[in-house]
Amino acid sequence: MMQATFFEPLRWREHPARVAVYNGGEELKVYYQVTAPRDLGAICKGRPVEELPRILTLLGPAHHIASAVTLDRLFNVEPPPPAVNMRQALLQTLVFSHHLRKLFFFLTSLEDPLADRHSAVRTLGPPRFLRHVFDEVMQCLSLAQEAAVILGGRAEHPLTAAAGGVSRYVKPQSYNRLAEIGDTCVIFAVKFAEFCGGTLLNASEAGEALNEVSPGPMSSMSMSDDADAAIVVSDRTGKEIDRFTPADVFDKVELFHEPWSYEPFACLKGKGRNVLAAADGDGLYFVGPLARLNRGLEPSTPKAEEERGRFIESLGPPPHFSLAAAYRALLVELIQSAEQMTVLYDQEKLTGPAVRTIPQAIGQQAGAAIESPQGLIVHRYRVDERGMVQELDILDTAAQNNALHCRIARRAVELSKYGNRTREETKKNIEASLLPF
Amino acid sequence: MKKVGVYICHCGTNIGGKVDCARVAEELGAEMEHVAVSRHYKYMCSEPGQKMIRDDIAELGLDYVVEASCSPKMHEPTFRNAVSQAGMNQYNFEMVNIREHCSWVLEDEEAATHKAKDLVRGAISRVVHHQPLKGSTTSVNPKVLVLGAGIAGITAAIKIANAGYQVYLVEREEIIGGKMAQFDKTFPTLDCSGCILTPKTSEVGRHPNIEILTKSEIMEVTGFVGNFNVRVLQKPRYVSLETCTGCGDCEEVCPIDVSSPFELGMTTRHPISRPFPQAIPNKYSIMRAGMPPCQAACPAGVNVQGYMTLAGVGRFDQALTLIRERMPFASVCGRICVRPCEDACKRGQIDAPSAICYTKRFLGDRDRELGLEQNPPLKERREEKVAVIGSGPSGLSAAYFLTLEGYQVTIFEKLPVMGGMLAVGIPDYRLPRDVLDHEIRNVLNMGVQVKTGVTFGKDITFDSLDQDGFKAVYLATGLHVNRRLNVEGEDLDGVGGGVEMLRNYTLGEEVKIGKTAVVIGGGNVALDVARSAIRLGAETVVLACLESREEMPAWEREIEEGLEEGLILHNSWGPTRFLGENGKISGVEFKRCTSVFDESGRFNPAYDESECMELKCDTVLVAIGQSSDGDIIGGLGLELAPGGRIAADPDTLATSRPGVFCGGDGMLGPATFVQAVSHGRQAALSIHHYIEHGGLRPVEMKERPVDKDLKESERVRAKPVERGRMPMLAPEERKHSFDAIELGFTEEMAKAEGQRCLSCGICCQCGECVRKCGPQAIDLSEKEKIRDLDVGAIVVATGVDIFDAKQYPEYGFGKYPDVITNLQFERLCNASGPTSGRVVRPSNGEVPQSVVFIQCVGSRDPAKGKEYCSKVCCMVSAKQLSIFKHHNPDGQAYVFYIDNRTGGKGYEEFLRRAIEEENAQYIRGRVAKVFEEGGRLVVRGENSLAGGPVEVEADLVVLATGLTAQQDYMNVSRALNLATDKNGFFIELHPKLGPVETSLSGIYLAGAAQGPKDIPESVAQGGAAAGEVLTLFSIGQVEIEPTTAQLNERLCTGCKTCEGLCAYDAISFSEQTKLAVINAALCQGCGTCAAACPAAAIAVAHYTPDQIFAQIEGILA
Amino acid sequence: MAKKKLAVFTATGCSACENSVLDVHFQISPVTPWADIAFWPYVTGSQWQDLDHVDRIDLCMFAGAVRTAADRKAALKLREKTRIMLAVGACSAFGGMPGLVNLAAVRDEGNSAGADEGIDPALPGTESRVSALSQIVDVDYVVPGCPPPKNLLWSAIQALLCPGECTSRISYAASRLPERISQCITSGILPPKGGTFAGEKAVCASCSRVKEEKKFRSAFRPYAIDPDPGRCLLEQGVLCQGIATREGCGGLCTAAGAPCRGCFGKAEAVYDPGAKMVSAVTSTFDSANADEIEAMSNEFVDLAGTLYRYTMAAQCALPVGPAKDENDAGDVL
Amino acid sequence: MNRFEPRIIAFLCNWCSYVAADAAGVARLTQLPNVRVIRVNCSGMVDPSYVMKAFADGADGVLIGGCHPGDCHYISGNIKTLRRSFLLKSLLRELGVEDGRFRLEWIAASEGPRYAKVVNEMVEEIRSLGPYVPPQRRSAKGAA
């Protein structure tokens, strides 16, 4: 008798999704379903292209910057250096808050995140050791949000990135505040990494469990950090196997639909795309912090490099494919982004004669990519002669890595099944497993 | 629960015949939520109808009333009044128009009922959103403007003025009195029209409370009842009302006769005249239509019509003086001008333009021959010195006009000779040296200093001129450098510049011309060069240019003359290179030019490279244009315009350096002689203003030009004289010398030419009358004035026009002189008329024996004329035949009539007398045709009573032409926003109950502007209009509707969108509250701000969005 | 005193509103002294089944537009249990940017709500039109914005969740709220139903840019001009919807140099935001010549997509897109 | 005969177009029965919202009648209407309302025949366009 179980809605997903488990036959079937369409094409087509940075924040704040970069290409303008730095500073701030939030979610998955902490003193329940961290995380997150507001005008749906630069300067009186925030974030990031790495991921039971969840070895995709801003694919051993420009990404990555999910599935073209099969599919890939780490990219900042050292020390050299590695990669990038924030928050870097280059002509088509907190994102627009969007392709490698999500969900369910966990435990397992991807 | 009372009016069968009123009332009463009572009644506007509403309000406690009947324009006040009598606020009432918008315009009863129901439903839905409102009042400005000074306007004006209020009487014509002033006698009493009118007009003329504005028309009206602002355009009379004594001396010297509009063309008048001896104001005035086209076309603005007219009457001295007011060089101009005046001359639309230029040349030459030196008088000598750089036409002209103004002028000239291009650029055969020298001498004789051989920029500078005490400088340096082609071989020996060649020849330097010369260029200079080359002995002279024959910028006449002299033309060729042998020119290679100008009309030649031509030659002269001397111009420190010219203001000619002015070719680029002269005068005026007032201003306001198209009256004026032909040397003779080709007009020819002038401007401003006028009452430079009058009320009494009888060609009006209109007949009878009151045949002055009156010409005839009855013609004809019989008791009058309409006191009796006592034959029937047979007119018609055709022989035929709206009624309608019917008559508020009011409160109608009227009616209505005005004035204030814009401060964001929109400046922005502020006293309630307010914070009371939305919902429910 | 029960849910939208609610929790004060989280999938991982065990929810903060049958079902289900329904964010309040789908009038390519071979799970069907929450169920209050500013969210939480009990009243929360709502918050009674937790004037009232004279000479697309930082954007020719948009954001976008796009929906008294914008902007055109006016009008692009960027589904007077089809009512989950 | 009878709302200014409509009535100039007149002070007070409202409530066409440019009783209210008309038309077009359904006409007080002509023309034009697809009736509980 076939038994269907639904986990719905899914926690922490930015997009309505559920996991459907069909159990009882020969085969266990686990589906990661996106249950509502984005309809981005319908929303964006016909809009003036310069509006896209604001519209596409629907997909997440990093898309705001990605869209502005694409517009630079489309209008063929070079943003002035202060603008480039300001966008970069905002991006790093977004990375910081994104990673911190995910880690915070991870921690709270171990207890009720909204439990009444003021009355918690009375009801000391396990695991109490986290409680003091909560307040600090929240405080630091709100600081990062504040920095994002200073730079981006708004933390959630930023505003300032525009074609050819940014739409305004940072107010002079804000620089002191930015510097303060940057320093606090670095100190907090290091301390937090120490706490998580040392206490939680390494030693605890939870850490053990996390190591079990692994979708298995696969390719990684990330951006090169040199000047040509190419997209690099490395194989499961970390060796670079392909390199191409953002504009060519849609020739290298294919998107396909399954009738049971609203969002397409992305995979490397021609390398196998079996979403549901347990067997390895070569087309699947990692993106985001772990992918970046697996490619062997070394952080440019000292404290982050130290954290990477500790990562290697405890897990061995990359590549890694376990959930624990994914969480630790977040920690490395958390520190790195905080350090870069302090560098970029400098007044000298953010001031200059101009923050906008006014475009003179509209091109027909352009594409660009950036590394967002979650992973690589690529935008490509085609416009008519008045600059109205005719076509747009967006590859959000993390959000559209649905095949990977399916596989991780399946792995999480499998582990629960064999351990005969309750539904609640299975749910938590699925949630924690999907979180860092 | 709000209670609405609904009342549907049948309006007799007007609505009830189409709309099922009972059904509308019943169904809506049942359907609609708030309806407390729903009734229908035959006449809601009647007292029982109104009482029904009042009772319901009292008994049922209605909160709102909806009334569906006629247009709210008609009865809204009636019902508002009714509801407020019952204690309801009048704004809680809504009126629905189911008559004009429904029953009267729909054919289908079901559709009409449906529509009526929709409309009433909308009103019910809306009215519950109405708010009680209360109006405010504003005071009335107790002055009135009466528009039109016919008998109706005069009556109103006198009555209002007698009551002690200020009246502005605005009249389009030069005198007041209107149509009545043209009549002889009035029916039915046969009073003398003049005798009863004149006391009235003179009362107006001397009334202290009446200001008459003659020759004036209203332009626009703003404001509202009690506070109008009227803008009046007052055209010049040219004769001062204060100083004119009415002596008539001026009239005697006036050289022009034009047909008299007051006498309906039956005689002529001088432009300076008065229509009749008892006219009010009893002063002269000048008829001037505007600037004639010739003068308007002349860059120098020479009064062409003036000197042509004077030449036509043989007053040659005065004619030349007139020319020299604007053009110091009549002889030169008469030879070389490009004659824009003749292109514009309207005589050209008849046969050929007047030979203006030749006449001018004659006048200038005559002056030289007789040694008269006729110049305008010099003004008092002034001490200020002015320097003029360059002695070309522009510089000389500036010097001339500055000297006339009294200044001390010194001309600095680089060349050894004076005259600029006139001297060194135009060959003698076109402009003989002595002619030029004479006119230059004329200028010098006035006291102008000259220094030749002085190069500006080298010998003198701005600074040195400053030091020498010159207050201003006029730069007129011209263009003397040949433009180059920039093709291969241009530096070969034998290739030269055309202008250079001309200059060298004039200055007596060596000029080498070989046997075969090629001239390159298609303009007048190229022609001058080519024809000079012929005279200098070249055997073959070829002229090659880019342009086709038609496109060549040179004068056709010049080209023709050149061809006569043996010139060879090669059109549409562009030089590619000059071929040489041993450094000497041997030929020119050309390619085909396919087009000279591109699609946007710019000079941008295109070539066909495959088609080439080579011309052998030993001399090449390039004449493709000139440019200024870049070295000098560039070093002046003045701002430059594109093309290396000096930048100067086109109006004042001021350059970027104060006190320095620039004109002529140096500023315009290659221009004409007359433009250069015009600049000289312009500069002189500017410099005078600069020195006198220290500032700059645009020089002159130009008079309005007359219509370019020929008018019928002008065609009639044309005297049958042919254009004079200029006597010329034969080509063979002229080919070998530089002798002048044209020999000049004789005195008779000039006189004849002057008589060909059509006097398009009517008065020619020749100045004869000015010289004659003892009290110096005449000022020809008078300009149009605009008067802004603030008044509280306006009376429109613009009267009627006469139907144009030419619309009935079969009656022969305009073809046979003895077919006249009844208004012309009035003038024939009138003692001050063209025949001094003798009724005679216009064709031969004999007393007519048989006179036929044809009725309804243009009236009661939808096919050709007007549908309506003109009302007065029956009585007019009866009166006129009686007058005829009194003049010639033996004569016989016939009247072809349709019906005799004699409604009026004593009218029918009068008609009976005409038939019985005067023995007039009344024939009922239309006239088919009037034709001439054996010297007598025959009127053929039908006798519809006798049932057969009838023919009557007539000596005189009088057409009883109908009355029409004034031709320019639209101007008045537009200015006042006054509605007219399809015939152009103004619409009264109500045809029965509001005959003198209009839909615009404060604007009243009087007289025939509203529709055909006779004198008693017009007078009565003038009085009625005066009564309305006086009522308004005695109340002293008007109620301002409370329907003004209201601001919701809670919602206003202070975005300033509304601030700039208000046409009445009723909205301002408060810096304190950062919100908009509406001044209700200024607000007129147009609602533009409300529609624009992005936060919907403004709403016009009684037209709020929720009310309109509710109405829309109701209608569409 | 019994704690209240809180539900938070996002239908079709993004996570910004959820994060904003979470931020309020992070930054201001935990709501837990007054309420228990009865249902908050995003943060606590609540499942639909969990809802069956809850008999009453006191406050439901509903974010996101209604796009799928699942969204509709969620809205109906939550409404059924909920005492106070609060629409959070532009998507929920007016359809938000997903509402632009109506303008495109296309159905998403992935709308194959069928099952594959009986094993693959089905998808909730998409509805033909995107709707705001209020078009599906009765909504009691609204917090607009994309996402709603924290202070307005907090004022809503204070007013609706802990009336009369909240000790930490934060003054800025009520800064530009309409008088009657801020009075309600301070006096601890429920604001009148239908209230919007936002200002009542338009954005201009709180925008920091200086307004000089509204005279429209030429339209600039935002990319083509680097506007004067201190002056009203509209006066410089950039189409800014602040004049017709409800305030409450404090002029966030204009302060950042970006023109307002109306995420707070129309100003209170406005009937249709697009019509009002058209009227206000064109009325100030600096021309009386029809050809010139037409040319100026033609400089504007994508009017509907711009003027109804966030409000197409609920506030555009003329609904666009396909008419409702029969499948909309409900679908398999 | 089940012919499509369009419903047209006409906003007529009190001083010109409304008087023209009255004049057409006085002259008994027969018109098609589809136009419903709403009298306003000036065409300049016709908020584009009114036009939208009419369409939203099921009208098939909207006519605004004002004084000729230069003749506005309120100096230049009609010019503001003119300014609004082009962009309003664009917006309506983008929202699926065809151009012919919205008209701005200058009709002077004296132009009764013209009024009748405009009405008849517009009815015929809209008849050929067919009904404006009636919008779904929104529930009264609109957001905010």
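Visitor: What order do the elements of chain D run in, from the N terminus on?

Guide: This is a predicted model, and in it chain D goes β-α-β-α-β-α-β-α. The tally for that chain is four helices and four strands.

Visitor: How much of chain D is made up of buried residues?

Guide: Buried residues come to 68% of the 144 residues there. To be counted, a residue needs to be under 20% relative accessible area.

Visitor: And what share of the chain D contacts with a separation of 6 or more comes from residues 24 or more positions apart?

Guide: That share is 80%.

Visitor: Over to chain B. Why are α11(B) and α14(B) called roughly perpendicular?

Guide: Helix α11 of chain B (residues 316–324) packs on helix α14 of chain B (residues 356–370) at an angle of about 105°. Roughly perpendicular covers 65 to 115 degrees, so α11(B) against α14(B) gets that label. Their axes are 10 Å apart.

Visitor: Which residues make that contact?

Guide: α11(B) brings B:Phe316, B:Asp317, B:Ala319, B:Leu320, B:Ile323 and B:Arg324. From α14(B) you get B:Lys360, B:Phe362, B:Leu363, B:Gly364, B:Arg366 and B:Asp367. Sorted by class, the contact has six nonpolar, one polar and five charged residues. Gly counts as polar in this scheme.

Visitor: Now α8(C). How do you know that its buried residues line one face of the helix?

Guide: Helix α8 of chain C spans residues 179–187, and its buried residues are C:Ile181, C:Ser182, C:Cys184 and C:Ile185. Look down the axis of α8(C) and they fall within an arc of 155°, so they line one face.

Visitor: What does the face of α8(C) turned away from the buried side carry?

Guide: Two exposed residues sit there, C:Glu179 and C:Thr186. As for the buried residues of α8(C), their cover includes α7 (150–161) of chain C.

Visitor: What follows α8(C)?

Guide: C:Gly188 does, with a positive phi near 80°.

Visitor: Last stop, A:Gln340. What makes A:Gln340 count as buried?

Guide: The cut-off is under 20% relative accessible area. A:Gln340 has 19% relative accessibility, so A:Gln340 counts as buried. You'll find A:Gln340 in helix α11 of chain A, residues 323–344.

Visitor: What makes the link between the side chains of A:Gln340 and A:Ser300 a polar contact?

Guide: A pair of N or O atoms has to be within 3.5 Å, with one able to donate a hydrogen and the other to accept it. The two side chains are joined by such a contact, at 3.5 Å. Leaving out residues up to four places away in sequence, A:Gln340 touches A:Gln92, A:Ser300 and A:Thr301.

How values were computed. Residues are numbered from 1 along each chain as its sequence is written. Chains are lettered from A and ligands numbered from 1 in the order in which they are written. This is a predicted model: local features need pLDDT of at least 70, side-chain atom pairs count only at pLDDT 80 or more; totals for chains, interfaces and linings use all residues. Side-chain values use heavy atoms; hydrogens and water are left out. Axes are lines fitted to C-alpha atoms, for helices over the stretch in contact, and angles run from 0 to 180 degrees between N-to-C directions. Angles under 35 degrees count as roughly parallel, over 145 as roughly antiparallel, 65 to 115 as roughly perpendicular and the rest as oblique. Contact means heavy atoms within 4.5 Å. Buried means under 20% relative accessible area, exposed over 50%, partly exposed in between (1.4 Å probe, protein chains only). The arc is that of the directions from the helix axis to the C-beta atoms.
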